[in-house]
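Biologist: I would like to learn how to read a fold feature by feature. Can we take strands, helix packing and a few single residues in turn?

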Amino acid sequence: MEDRRDRLRELGELLRRLRKDVGLTGKDLAQRAGVAQPTISRMETGRLLPTPETVERVSAALSLDVDRRRELDALLLRLRDEVSRLKSGLAGREAANAARVRSAQWMAVFSSAMIPPLLQTAEYARLALSIGQDVDQDDAAKAAAVRVESQAVVFEPGRKFAFVLTEGAVRTWPGSPSLMPAQLDRLAQVSTLPHVRLGVVPWSVEAPAFPLHGFTIYDGAVSVIESLTGDLTLTETGEIDTHMDVFEAFAAAAVYDDALRDLLGQIGADYRALASK
């Protein structure tokens, strides 16, 4: 709890410094951002963790450059991770993840082992959160519901998403192979959205690197690796650049559009044959 208070104070000091750097009073910033002045005051005094929507409004009002926005995002991410740890259960963690997703305008997602959370069907999500783990099934069901609800951002205009999966991620199935055709249909549907770029790297092409783990890059400022024991958050410029290089290398080897849907159709036939045995 004390760490969270320290980070909230650090956030307040950062926002106050950014505001003063552009010569605005608290009242001026509130008017420009379209938020209540007490909200600005509570943020700057470390008494409020702002919502992603408030962060976007304040950032726009301050006209933050890339470096300053990266500094703000990194601190907010640490705060939201702390909140997720304070909240009990999987559902609390998913709520924190949903807030992180909503705060991003563009995301680059690489997955080598599973379907990314933003693209999972409800049944896949429930199993992804519970299979092989000692978890409360009611909590897992609630967490899956939060995860599926958060997927609405994928269909919102004004955002951009890039997903690259290995064929291994698409062919790794939880529970039963019978649930995978619906999951593949979901991928095919999302691949038609104009602001979404979805590709799969076939097993028949040479891998540009060993896909040791998946990761998600948020607005080019933060990369998050999901591990067995929690999320690892990277914010150093060199680390982000390395992840972007790996993402682009796999993206160049992937298939898209009709070729992607043909590949998904072949994999779907394999799943149906497996389910019939």
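Biologist: Let me start with strand pairing. Which residue of S3 stands opposite Val-164?

Modeller: Gly-199 is the residue of S3 that stands opposite Val-164. Keep in mind that this is a predicted model.

Biologist: What joins S2 to S3, and how do they run?

Modeller: There are 6 bridges between S2 and strand S3, residues 196-201, and the two run parallel. Ala-162 also has a place in this pairing, opposite Arg-197 in S3.

Biologist: How many bridges join S1 to S2?

Modeller: Strand S1, residues 106-111, is joined to S2 by 6 bridges, and these strands run parallel. Val-109 has Phe-163 of S2 as its bridge partner.

Biologist: How do I think about side chains along a strand?

Modeller: Here is the general idea. In a regular strand, side chains alternate between the two faces of the sheet.

Biologist: Now helices. What describes a packed pair?

Modeller: Two packed helices are described by the angle between their axes and the distance between those axes.

Biologist: At what angle do H2 and H4 pack?

Modeller: Helix H2, residues 26-33, packs on helix H4, residues 52-62, at about 110°. Their axes are 8 Å apart. The angle makes H2 roughly perpendicular to H4. The crossing of H2 past H4 is right-handed.

Biologist: Which residues of H2 and H4 meet?

Modeller: From H2, they are Leu-29, Arg-32 and Ala-33. From H4, they are Arg-57, Val-58, Ala-61 and Leu-62. By type, the residues of this contact of H2 with H4 comprise 5 nonpolar, no polar and 2 charged.

Biologist: Which residues of H4 are buried?

Modeller: In H4, the buried residues are Pro-52, Thr-54, Val-55, Val-58, Ser-59, Ala-61 and Leu-62.

Biologist: What angle and axis distance describe the packing of H7 and H8?

Modeller: Helix H7, residues 122-130, and helix H8, residues 137-150, pack at about 130°. Their axes lie 8 Å apart. That angle makes H7 oblique to H8. The two helices cross in a right-handed way. H7 brings Ala-122, Ala-125, Arg-126, Ala-128, Leu-129 and Ser-130 to the contact. H8 brings Gln-137, Ala-140, Ala-143, Ala-144, Arg-147 and Val-148. The residues of this contact of H7 with H8 split into 8 nonpolar, 2 polar and 2 charged.

Biologist: Which residues of H7 are buried?

Modeller: Tyr-124, Ala-125, Leu-127, Leu-129 and Ser-130 are buried in H7. Just after this helix, Gly-132 has a positive phi of about 75°.

Biologist: Let me ask about backbone angles next. What is the phi of Ser-63?

Modeller: Ser-63 is not a glycine, yet its phi is positive, about 50°.

Biologist: Where is Asp-219?

Modeller: Asp-219 is in the loop between strand S4 and strand S5. Its phi is near 55°, a positive value in a residue other than glycine. With a relative accessible area of 23%, Asp-219 is partly exposed.

Biologist: Which residues does Asp-231 contact, leaving aside its neighbours within four places in sequence?

Modeller: Asp-231 is in contact with Arg-93, Asn-97, Arg-100, Val-224, Ile-225 and Glu-226, with those neighbours left aside. Asp-231 lies in strand S6, residues 230-234. At 27% relative accessibility, Asp-231 counts as partly exposed. Phe-215 is 16 residues away along the chain, and the C-alpha atoms of Asp-231 and Phe-215 are separated by 9.8 Å.

Notes. Residues numbered from 1 in each chain as written. Predicted model: local features only at pLDDT ≥ 70, side-chain atom pairs only at ≥ 80, totals over all residues. Heavy atoms only, no water. Axes fitted to C-alpha atoms, helices over the stretch in contact; angles between N-to-C directions. Helix = DSSP H or I, 4+ residues; strand = E, 2+ residues; numbered from the N terminus. Parallel < 35°, antiparallel > 145°, perpendicular 65-115°, else oblique. Left-handed = near helix turned anticlockwise from the far one by under 90°. Contact = heavy atoms within 4.5 Å. Nonpolar A, V, L, I, M, F, W, Y, C, P; charged D, E, K, R; others polar. Pairing = 2+ DSSP bridges. Buried < 20%, exposed > 50% of the residue type's maximum accessible area, 1.4 Å probe, protein only.
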